Amino acid sequence: MQNQYCNPLKFNCKILANEKFLEFCKSKYMNIMNYKSFLHTEFIELLESKGIIPSHIESFYSPEKFIMGIHKDDADSGDDITKINFIWGGIGSLMHWYDIKDSSVPVYSSKTDIGTVVNFYPDENYTLVSSLPVHSPSLVQVGKFHNITNPNEKRLCISVVIRDKQGNAITMNQALQIFSEYLI
Ligand SMILES: [Fe+2]
């Protein structure tokens with residue numbers, strides 16, 4: 001059942017340019033990488049055939065018993081932003097999405113290495129609206145407030161940050177149309 005939060009995909013092509021990159025991604029919690037060197041040309045061509053140019057690749061490597069802070073990605077790109085996530089390990093992990101009562105005053109803001117602003121708010125501001133396991137790969141909604149809980153084992157997530165040819169973020173409804181033949 002398609003939804004606004006997380007939708008599984010299946011691609012019949014090579015995804016990574018080199019499997020050894022996965023070890024590099026485990027070197028710290030977050031890495032930001034150039035998609036042209038990280039992704040296999042087969043996958044880049046598939047994305048380009050759909051009018052998609054990734055802006056970059058992000059990796060997140062979390063330990064077991066990890067609870068991520070609730071946040072929305074890229075505060076400047078609206079509240080409906082889709083990424084493609086690939087996951088290794090992290091059995092039993094869930095992604096959670098929340099409504100927020102008041103988003104006027106963040107507790108703190110942080111900037112990623114490429115200048116993306118991520119805002120964090122007090123926990124009591126949030127109401128849980130959905131929790132789902134994330135199949136690998138999946139379209140995932142990162143424009144709504146979300147986090148990951150990872151109870152059992154280490155989890156590596158590679159996020160392909162997708163954009164249209166003008167550099168605009170892709171909404172979930174747009175992504176569902178663009179990738180309709182790969183939905184499972
Ligand atoms: Fe996120």
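A residue is termed buried if 20 or more other C-beta atoms lie within 10 Å of its own, exposed if 12 or fewer do, and partly exposed in between, with C-beta atoms placed from the backbone. The model is predicted: local features need pLDDT of at least 70, side-chain atom pairs count only at pLDDT 80 or more, and totals for chains, interfaces and linings use all residues. Residues are numbered from 1 along each chain as its sequence is written.

**Figure 1. The loop position of Asn125.** Asn125 lies in the loop between β8 (117-120) and β9 (126-132); strands (E, at least two residues) and helices (H or I, at least four) are DSSP runs numbered from the N terminus. With 18 other C-beta atoms within 10 Å, Asn125 is partly exposed. Beyond its neighbours within four places in sequence, Asn125 is in contact (C-beta atoms, placed from the backbone, within 7 Å) with Ile100, Lys101 and Asp102. Tyr98 is 27 residues away from Asn125 along the chain, and their C-alpha atoms are separated by 9.3 Å.

**Figure 2. The two sides of helix α3.** The buried residues of α3 are Phe43, Ile44 and Leu47. These three cover an arc of only 100° around the axis, and therefore lie on the same side of α3; the arc is that of the directions from the helix axis to the C-beta atoms. An α-helix has 3.6 residues a turn, so residues three or four places apart point the same way. The buried residues of α3 pack against β3, whereas the exposed residues Thr41, Glu45 and Ser49 are carried on the face turned away from the buried side. Just after α3, Gly51 adopts a positive phi of about 80°.

**Figure 3. The largest nonpolar core.** A nonpolar core is a set of buried Ala, Val, Leu, Ile, Met, Phe, Trp, Tyr and Cys residues joined through C-beta atoms within 7 Å. The largest one has 35 residues, and Leu139 and Val140 have the most contacts inside it. Elements giving two or more residues to this core include α3 (41-49), β3 (52-62), β10 (138-141) and α4 (172-178). The most, five residues, come from β12.

**Figure 4. The surroundings of Val140.** Leaving aside neighbours within four places in sequence, Val140 is in contact with Cys6, Thr82, Lys83, Asn85, Met95 and Val134. In the chain, residues 24 or more positions apart account for 85% of the contacts with a separation of 6 or more. Of the 184 residues of the chain, 32% count as buried.

Definitions and conventions
Contact = placed C-beta atoms within 7 Å.
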